[in-house]
Amino acid sequence: MKRQVDIYRKDRRDRVLWTYIVDLGGDGSHPSLADFKEEALILAGIDDHGPIEELDALVHLEILK
């Protein structure tokens, strides 16, 4: 299952820094929205978009194909 997740700074919620397409659940599991958010924040930390504690994520509800 793929979902679009926008990353932004907690103090600047009006400006999206980065968008990820996160693909989870390929193993038959049923990931929650929190799982998608967590994965996107991990990726943002790896890609050095800022300290994870200063970032937040918004998971879009539609499932991407």
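**Notebook: charges and core**

I began with lysine 37 and aspartate 56, whose side chains meet in a salt bridge at 3.0 Å, N to O. The cut-off I used is a side-chain nitrogen of Lys or Arg within 4 Å of a carboxyl oxygen of Asp or Glu. Lysine 37 sits in helix H1 and aspartate 56 in strand S3, 19 residues apart, and the pair links distant parts of the chain. Helices (H or I, at least four residues) and strands (E, at least two) are DSSP runs, numbered from the N terminus.

A note on the source: this is a predicted model, where local features need pLDDT of at least 70 and side-chain atom pairs count only at pLDDT 80 or more, while totals for chains, interfaces and linings use all residues. Residues are numbered from 1 along each chain as its sequence is written, and side-chain values use heavy atoms, with hydrogens and water left out.

Next I looked up aspartate 56 with arginine 13: they form a salt bridge too, the closest N and O atoms being 3.5 Å apart. Aspartate 56 is in S3 and arginine 13 in strand S2, so this pair ties together parts that are 43 residues apart in sequence. Shared partners join Arg13, Lys37 and Asp56 into one network of salt bridges.

Then I checked accessibility (buried is under 20% relative accessible area, exposed over 50%, partly exposed in between; 1.4 Å probe, protein chains only). Aspartate 56 is buried at 13%, lysine 37 is partly exposed at 30%, and arginine 13 is exposed at 55%.

I also found glutamate 54 bridged to arginine 9, with the closest N and O atoms 3.7 Å apart. Glutamate 54 is in the loop between H1 and S3, arginine 9 in strand S1, 45 residues apart. By this rule I count four salt bridges.

(Lys and Arg count as positive, Asp and Glu as negative; His and the chain ends are not counted.) The arginine 3 side chain does reach the backbone oxygen of leucine 61 at 2.4 Å.

Last, the core. The largest nonpolar core has 12 residues, including Val5, Phe36 and Leu55; such a core is a set of buried Ala, Val, Leu, Ile, Met, Phe, Trp, Tyr and Cys residues joined through side-chain atoms within 4.5 Å. S1, S2, H1 and S3 each supply at least two of its residues, and H1 gives the largest share, four.

Terms used:
A polar contact is a pair of N or O atoms within 3.5 Å; within protein, one must be able to donate a hydrogen and the other to accept it, and residues adjacent in sequence count only if both atoms are side-chain atoms.
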